[in-house]
Amino acid sequence: MAVDLALHLLRRFTYGSTIELLAEVRATGAGAWFEQQLDHLALPDVECDAILASHPSFGWGQLRDIREVTSVRQALAAPTPPPLSVFQAAKRNVNYVRRMTSTRQVFETMVEFWSDHFNINDAVSKGGGLLNAYGLDWEVSVVRAGALSSFGSLLRSVVYHPAMIVWLDGEYSQKSKPNENFARELLELYTVTPSGGYTQTDIEQAAKLFSGLRGPVQGQALTDRSTISTMYRVNDQTFIDTRQQNYGTFRVMQWSATATQPAEIVKAIDSLVAYLAAHPSTARSVATKLARRFVADQPSEALVSHLASEFTASSGDIRQVLRRLTAHQEFYASVGRKTKRPTEDVISLTRALKMTPDPTRFNVAGRADNLASVNWGFDSLHFRLGHQHTRWPLPDGYPDTDDYWNDSASHVARWYAHQVLVGTSANSLAGVSGAKWSELLPASATISAAAIVDALTARLYQDTIPPASRQAVIEAVSQGRPTVTSANRDTTCNLAAFLLVSLPEWVQR
Amino acid sequence: MKQQDTQIISRRNFLAGSAAVGAMLVMPSGVRAAFGASPATGDVVVVNICMRGGFDSLAAVFPLGNPDLTAARPNLNVPDSVALPLGNGWGLHPALAPLTRSWSAGELALVVATGAPTHTRSHFDETSFMSRASYGSTALSRSGWIARANEELMQASALQSVSVSSSTLTSRNGTRPALAVGKLSNTRFPTVPGLTNAGFENFLRRVGSSTATPWSSRATATADAVRQVDSARLRETTVQYPTTEFAARLKDAAALIKSGLGVRFIDLDFAGDFDLHVDYGTVNSGSMHTLLSDLATGLAAFRDDVGDRWADIVISTVTEFGRRVGENASYGTDHGWASAMFVLGGRVNGGRLFGEFLGLHPTQLDNGDVRVTTDYRQVLGEVLTRAAGFSTESLGRVFPRFGFQSMGVIR
């Protein structure tokens with residue numbers, strides 16, 4: 001059976017195919033469409049931009065550094081300025097809007113990929129709440145800036161970012177007792193992984209090298225570190241606390257460097273980052289994760305080796321590795337073999353049924369420009385599904401294999417999410433415009449259970465479903481709605497859509 | 001049947017504080033002669049509480065008057081003056097006060113210097129090894145020990161094995177329990193006009209038989225479990241639980257046990273993160289106090305809630321590793337090796353400390369870590385054989401290639 005290349009590509013590299021998008025990709029050609037997607041900044045994104053401009057909190061979710069956050073807070077005239085966590089909630093909302101409506105779908109899938117790879121749960125109140133605020137800049141200047149760049153430059157921005165410095169306890173590291181948390185995860189999760197063969201001594205050496213790294217402000221007073229004489233400025237937001245920095249010769253695996261002053265420490269860190277980014281074990285670990293995300297839970301050795309060698313040959317060019325991945329026969333042999341994670345499940349549903357974010361449904365407290373809280377039902381839905389953006393509690397990111405997600409709590413949560421989204425409460429409970437069934441059915445459609453099921457199947461799957469599944473849906477719809485009339489057409493559509501997304505085929509990606 | 005020969009490390013031995021004191025056995029002098037005699041095989045419920053992040057047992061249960069501990073932890077050590085003495089030279093953190101009732105009643109045993117045979121200091125490796133209880137075996141790498149234990153029982157109920165966790169943190173067992181509960185109140189069928197619960201369940205079975213996938217079989221198993229939860233009258237408790245997430249999970253676990261649904265295994269994630277590299281806080285407040293207080297108040301409320309069923313429940317806590325003995329510069333501790341296990345329940349040989357504790361002098365440590373002298377599988381194995389009625393053959397399938405010896409933690 002011929003593989004529908006365009007549909008497969010869309011199911012793997014977007015948050016959900018639609019009839020319209022599939023037609024566009026078929027017209028453009030799958031390869032050409034993918035190339036356009038890799039040049040994401042050249043793609044106009046009018047609808048998404050308009051939604052993000054429509055509510056002040058979306059702007060809050062895109063603020064950059066901590067000073068911007070604090071100045072917004074100070075500028076707000078309310079007796080109590082919003083807590084920093086409000087900015088963080090806004091950041092999550094911005095992500096869901098983009099997944100749902102952006103034209104830059106491949107880019108957004110890679111934003112999620114790196115958000116998992118370098119996971120920072122910036123909803124925790126670490127560093128006296130600072131992590132909440134740093135998390136905004138992290139999203140913009142690390143994850144989004146580097147999602148389709150080279151792994152080496154992305155890793156470099158990770159190492160120096162204040163969000164990472166706070167998240168993995170670098171902020172509290174001391175010269176005599178370097179905190180090992182970041183050094184350990186740098187080796188174990190972000191680069192070479194245990195197969196790289198590092199030792200505890202390597203971790204301790206790296207921890208010594210990083211012992212002085214600090215973010216831009218200090219203490220509850222948020223003292224600007226640039227005003228402190230013992231701080232050496234690394235870049236706009238990062239400093240080395242010269243009192244807590246170790247100097248000397250550092251050795252990590254086969255790498256070594258000697259540094260006797262702060263400028264040399266920066267050079268040493270840069271060279272360690274370059275060493276780790278170019279290490280063959282890093283190539284394999286990143287290749288494995290990309291293959292797991294986009295091809296199969298257990299990718300073959302052949303595919304991993306192929307991608308790892310491309311990673312090395314291209315000096316970690318992420319786009320080049322993705323090109324090879326999508327051209328590989330194993331990619332095309334894997335149709336339907338990945339399971340949608342919860343965010344892909346619910347967002348593909350909204351995209352297929354043309355549901356859009358409704359910011360008027362934000363549960364906001366305070367004036368529009370001075371929100372004390374902004375709770376969007378769609379974020380709450382993700383919470384219930386256990387898959388809120390950047391809220392996995394550990395540094396290793398949300399699991400990406402179906403055995404993790406295929407548990408009964410997840411099934412029950414998806415039943416609930418589907419019930420809300422296809423039902424009449426979509427607007428009030430999920431904060432999205434409900435499905436407009438009359439616009440989703442062909443004008444000429446006769447009103448019958450079978451016609452409704454077929455029309456919604458085309459919307460949801462852009463394909464046919466197995467005849468036995470189709471028959472089961474039709475019979476269950478007919479049982480619930482023995483007579484379909486224009487008066488009960490919408491509730492029939494609710495029922496048919498709910499059953500269609502309860503099929504095992506729905507979660508196949 | 002209480003073991004009277006259990007040796008406890010004496011305070012005097014610790015005050016001697018020298019490596020020459022050497023290893024001090026606190027295990028019973030011999031394996032119980034009664035082992036192999038038929039243990040009670042009523043509906044014993046095994047509750048496994050996972051304390052994620054690396055539980056610092058030395059902050060919770062520690063030798064009193066130990067100069068090595070005060071030297072290693074000048075800022076974090078709990079002073080003897082405020083510790084709750086256990087009467088055997090050891091003390092508890094004052095936040096664990098709600099557990100002293102169980103200790104006095106002989107229903108709480110503490111196993112010290114326990115942990116995994118591996119010493120990687122990696123959360124991810126150790127958590128994964130521990131949920132699988134699998135070391136050096138690739139054949140078992142995709143199944144968890146609770147799933148294997150569940151397979152050893154006659155499948156009497158679809159709800160025989162349940163996990164109660166945040167949906168983001170169900171244990172990574174590979175083989176999932178029939179029911180994973182985030183919140184029991186959310187464990188319901190969908191509400192869709194025109195679709196009955198039975199109609200939905202039939203639909204899932206029908207499409208699952210034509211498209212048989214791991215997803216479709218989990219869907220029908222979920223429907224089966226939810227129907228049972230739905231039909232059971234979940235008894236409302238009058239017990240006041242604390243308002244913590246851990247307590248909410250224990251409350252759900254107690255409701256499932258009390259409802260007579262045939263639950264035998266509950267895998268429950270402690271809802272806090274013990275990975276305190278920074279800021280323990282003080283003895284009376286802050287991160288460590290809050291975590292320990294949550295643990296103790298939750299368990300005390302659970303004990304009250306389950307009432308008579310307490311006699312058939314065995315709770316044990318596990319963690320991926322303990323912490324370094326020496327504190328770090330951030331008022332926290334880094335990843336270490338041995339930790340301690342709490343074992344509670346009506347069948348527990350409690351009011352006793354088990355395990356072989358080698359001491360805390362730097363020469364008695366392994367790279368700064370307390371050495372593991374009791375494999376955590378010894379303790380779990382004892383729970384399975386002596387409380388839950390597993391044969392040694394069954395246990396051999398749950399913990400393959402592991403030499404189990406009873407240590408007397410269960411009466």
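In this predicted model, strand β6 (residues 248-252) of chain A pairs with strand β7 (residues 255-259) of chain A in the antiparallel sense, over five bridges. One of the pairs can be named: R251(A) has S256(A) in β7(A) as its bridge partner. Together β6(A) and β7(A) make a hairpin with two residues between them. In that turn, M253(A) has a positive phi of about 50°.

Chain A also has an open sheet of three strands, in the order β1-β5-β4, with antiparallel pairing. The edges are held by β1 (213-214) and β4 (231-233) of chain A; each has a single partner strand, so one side of each is left without a neighbour in the sheet. Between β1(A) and strand β5 (residues 239-241) of chain A there are two bridges, and the two strands run antiparallel. Here L213(A) has I240(A) in β5(A) as its bridge partner.

The C-alpha trace of chain A spans about 80 × 60 × 40 Å along its principal axes. A compact globule of 509 residues would have a radius of gyration near 23 Å, and the 25 Å of chain A agrees with this. Of the 509 residues of chain A, 56% count as buried. Among contacts between residues at least 6 apart in the sequence of chain A, 71% join residues at least 24 apart.

The domain assignment divides chain A into domain 1 (5-332) and domain 2 (342-507). Their C-alpha centres lie 31 Å apart. Across the boundary, 41 residues of domain 1 of chain A are in contact with 40 residues of domain 2 of chain A. On the domain 1 side, at least two residues each come from α2 (19-28), α5 (56-60), α7 (84-101), α8 (105-117), α12 (181-190) and α15 (280-294) of chain A. The largest share of that side, eleven residues, is supplied by α7(A). By class, the side of domain 1 of chain A that touches domain 2 of chain A has 20 nonpolar, 13 polar and eight charged residues.

Chain A is also in contact with chain B, and this contact takes 50 residues from chain A and 49 residues from chain B. On the side of chain B, the elements giving two or more residues are α5 (123-132), β8 (179-181), α7 (197-210) and α8 (214-231) of chain B. The largest share, nine residues, comes from α8(B). By class, the side of chain B that touches chain A has 21 nonpolar, 22 polar and six charged residues.

Within chain B, helix α6 (residues 145-152) is mostly covered, with six of its eight residues buried. The buried residues are W145(B), I146(B), A147(B), R148(B), A149(B) and N150(B). They pack against β2 (45-50), α5, β7 (161-164), β9 (265-269), α11 (376-387) and α12 (392-398) of chain B. Among these partners is α5(B), an element that also gives residues to the side of chain B that touches chain A.

Chain B has an open sheet of three strands too, in the order β3-β5-β4, and the pairing is antiparallel. At its edges stand β3 (61-63) and β4 (84-85) of chain B; each has a single partner strand, so one side of each is left without a neighbour in the sheet. Three bridges link β3(B) to strand β5 (residues 90-92) of chain B in the antiparallel sense. One of the residues paired in this way is P63(B), whose bridge partner in β5(B) is W90(B).

Key: Residues are numbered from 1 along each chain as its sequence is written. Chains are lettered from A and ligands numbered from 1 in the order in which they are written. This is a predicted model: local features need pLDDT of at least 70, side-chain atom pairs count only at pLDDT 80 or more; totals for chains, interfaces and linings use all residues. Two strands pair if DSSP finds at least two bridges between them. Helices (H or I, at least four residues) and strands (E, at least two) are DSSP runs, numbered from the N terminus. Two residues are in contact if their C-beta atoms, placed from the backbone, lie within 7 Å. Ala, Val, Leu, Ile, Met, Phe, Trp, Tyr, Cys and Pro count as nonpolar, Asp, Glu, Lys and Arg as charged, and the others, Gly among them, as polar. A residue is buried if 20 or more other C-beta atoms lie within 10 Å of its own, exposed if 12 or fewer, and partly exposed in between; C-beta atoms are placed from the backbone. The radius of gyration is taken over C-alpha atoms; the globule rule is 2.2 Å times the number of residues to the power 0.38. Domain bounds come from an automatic or database domain assignment.
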